[in-house]
Amino acid sequence: TNVDSNVLNSDENIADAMDYLASVNINVILPVVLNGAWTLYPSAVMDSLFGREIHPSFTGRDPLKRLVIEAHRRGIEVYPWFEYGFAAWYSGLSGPATGGHILQTYPEWACRDQNGDIAKENGFDWMSAINPEVQEFMNSLVREVIENYDVDGVEFSDRIPAMPIKGGYEEASVELYKLEHNGDEPPTNIHNAQWKRWRADKLNDWYRGIAEIVKTHDKNLFVSASPSLYPWGYDNYLQDAKTWMDEGIADHFIPQLYRYNYNDYLFELNNAVSQVGANIDRLFAGILMNLGTGSNAYLIDTDYLFNAIEANRSKGVTGEVYFYYEGFRKENGKLADTLRSTYYSEPALVPLRDGKRWRPEGIIVNENDENSLITGEWEEYPMKGYEGKILRTGSSSDWQGIVYRFDIPADGFYDVFYYCTPNTTWHDSTVFTIMNDDVGITRFVDQSNLSIKGWHKIGTDYYEKGLRQVLSISNDGLEEGKFVVADAAMLMLNRKLSPDVIISDVKNRFAEKIPEDFILSQNYPNPFNPVSTIEYHVPVGDANFASPTWVNLTVYDVLGREVKTLVNELHSPGTYTIKWEASNYSSGIYFYTLKTGDLHQTKKMILLR
């Protein structure tokens with residue numbers, strides 16, 4: 001799902017958003033890192049070129065760093081989204097193009113029309129995506145992100161690579177065209193087929209180059225593309241998405257099937273499926289979930305969403321990308337609750353990862369867990385920590401310490417984190433030791449530093465599978481009147497150092513949670529041929545339910561006739577799955593009903609032979 005810049009406004013927002021998305025089993029996020037012509041992370045490139053390292057709204061913070069930690073904590077992959085792309089500035093739908101700070105500093109970077117004016121389209125003032133200097137500027141931003149952050153891919157959308165069809169008449173592009181065409185000037189007809197092809201090919205060349213840069217840095221990083229619809233995107237913005245797919249430049253192809261009704265959506269979906277051909281495993285449907293504010297706000301209808309997902313599955317499209325995150329939370333989380341109980345009731349592996357869970361969730365040990373070995377005098381302090389309160393000690397006479405032990409799931413390199421709850425009375429040089437087979441690496445953390453909040457990386461080390469002592473915290477060097485505080489610690493697999501480690505025994509985050517509600521989930525796949533799985537949840541604690549409870553699950557045809565009884569027995573509270581093998585039944589619509597006590601739930605499924 002696309003993550004808007006509003007999510008990045010505070011570290012608390014980021015952590016809450018990742019928890020919420022994980023509860024809906026979202027497995028990839030595409031966070032904005034280039035918006036308003038500034039980066040949303042501290043950028044040495046932007047600072048060197050324009051004298052400011054980050055968007056003014058985020059001065060003094062690194063929201064991308066925090067988001068990567070919080071997303072990976074929940075097992076969610078991160079593909080930074082270069083949203084503005086080759087657009088230099090948004091000057092609005094009316095009024096002249098100004099170019100913003102980028103084109104005012106480097107006017108030769110502008111994309112220009114035949115009149116010599118800055119090419120402006122849909123309110124955006126554009127850079128020339130053909131200009132080698134502009135291309136290198138974008139390359140440098142991408143390199144900066146993939147080298148400095150532990151991300152899982154990169155995301156390019158409808159403005160990258162792209163430029164308005166009216167553009168290409170800037171001096172650098174004209175001279176390059178003349179060099180390659182015996183001195184001939186570019187055609188004056190902006191829709192001339194050869195002229196369109198030449199400009200689109202230059203964009204394709206850039207895309208091949210940046211994909212190679214990404215893959216050379218780390219072959220496990222995905223290049224994700226969410227362009228405007230083809231051929232409209234080609235005719236208006238020179239986006240040759242079909243070539244991107246035919247050549248395999250993009251790993252994930254996410255056409256923006258942004259339509260306000262199901263029939264229009266289905267039309268565009270059919271076109272997209274036809275375009276990708278045998279590459280259907282790389283196609284994921286871009287769905288417009290939420291747009292605008294106030295009286296102009298749009299939120300997708302639940303029935304439309306269900307129909308769209310059913311159509312996706314029937315055509316072999318195995319996943320969706322939503323624009324954008326906040327739509328899940330509108331109307332008290334209506335859409336999230338619906339997906340959570342139906343199509344997204346179980347976690348899904350990210351496609352093209354060879355069946356590997358690339359980002360297993362972080363392993364967290366709280367300061368008062370059974371795997372925390374406490375020595376000395378520690379008191380509970382009423383300050384909010386990662387979970388509940390924190391512990392502190394003000395004693396400096398004897399050794400006071402806590403050792404955190406972790407059940408390591410597989411041999412590999414792991415990043416070690418500590419959850420910081422700063423306060424001015426805390427010790428400014430607290431001793432943390434990364435432990436490994438009697439060898440300790442000491443780190444000092446200023447627990448009084450109010451800017452160090454939340455998860456803070458202590459270091460990285462290699463651990464073998466099994467229960468291991470990993471981190472300790474102590475009162476060494478504690479000053480009189482100060483305190484050492486203890487909260488949670490976390491381990492996360494370091495994928496840069498351990499790309500081939502497979503963690504197959506990571507627990508489903510819902511596996512041990514007994515459901516609180518009576519839930520009948522949507523069957524999957526749906527439509528299906530000839531086998532489909534149905535999941536249902538039997539709760540505990542409600543007066544309507546005894547333990548165990550008699551459960552009946554029956555399939556009916558469209559006339560209400562009983563087709564097959566799948567379950568008719570006593571169940572203890574828990575989550576159950578049952579398969580219906582329908583090879584002896586004809587294609588069509590069927591209904592399945594779960595009955596227990598006075599409660600009934602029914603859902604529709606489609607058998608396509």
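## Sheet, surface patch and salt bridges

In this predicted model, strands E9, E10 and E11 make up an open sheet in that order, with parallel pairing. The edge positions are taken by E9 (153-156) and E11 (252-253); each has a single partner strand, so one side of each is left without a neighbour in the sheet. Four bridges join E9 to E10 (residues 222-225) in the parallel sense, and Phe 156 has Ala 225 as its bridge partner in E10. Helix H7 (residues 193-217) packs on this sheet and touches E9 and E10, its direction making about 145° with that of E10.

Phe 591 belongs to strand E33 (residues 588-596) and is partly exposed, at 30% relative accessibility.

The salt bridges number 34. Three of them are listed below.

| Salt bridge | N to O distance |
|---|---|
| Arg 61 and Asp 11 | 3.1 Å |
| Glu 136 and Arg 143 | 2.9 Å |
| Lys 457 and Asp 415 | 3.3 Å |

Arg 61, in the loop between helices H2 (44-50) and H3 (63-73), lies 50 residues from Asp 11 in helix H1 (residues 11-23), so that the pair links distant parts of the chain. Arg 61 is partly exposed at 23% relative accessible area, and Asp 11 is partly exposed at 25%.

Glu 136 is partly exposed, with a relative accessible area of 39%; for Arg 143, also partly exposed, the value is 27%.

The pair of Lys 457 in strand E24 (residues 454-463) and Asp 415 in strand E21 (residues 412-420) spans 42 residues. Here Lys 457 is partly exposed at 40%, whereas Asp 415 is buried at 6%. Elsewhere, shared partners join Asp 19, Glu 70, Arg 73, Arg 74, Arg 357 and Glu 361 into one salt-bridge network.

Key
Residues are numbered from 1 along each chain as its sequence is written. This is a predicted model: local features need pLDDT of at least 70, side-chain atom pairs count only at pLDDT 80 or more; totals for chains, interfaces and linings use all residues. Side-chain values use heavy atoms; hydrogens and water are left out. Two strands pair if DSSP finds at least two bridges between them. Helices (H or I, at least four residues) and strands (E, at least two) are DSSP runs, numbered from the N terminus. Contact means heavy atoms within 4.5 Å. Axes are lines fitted to C-alpha atoms, for helices over the stretch in contact, and angles run from 0 to 180 degrees between N-to-C directions. Buried means under 20% relative accessible area, exposed over 50%, partly exposed in between (1.4 Å probe, protein chains only). A salt bridge is a side-chain nitrogen of Lys or Arg within 4 Å of a carboxyl oxygen of Asp or Glu.
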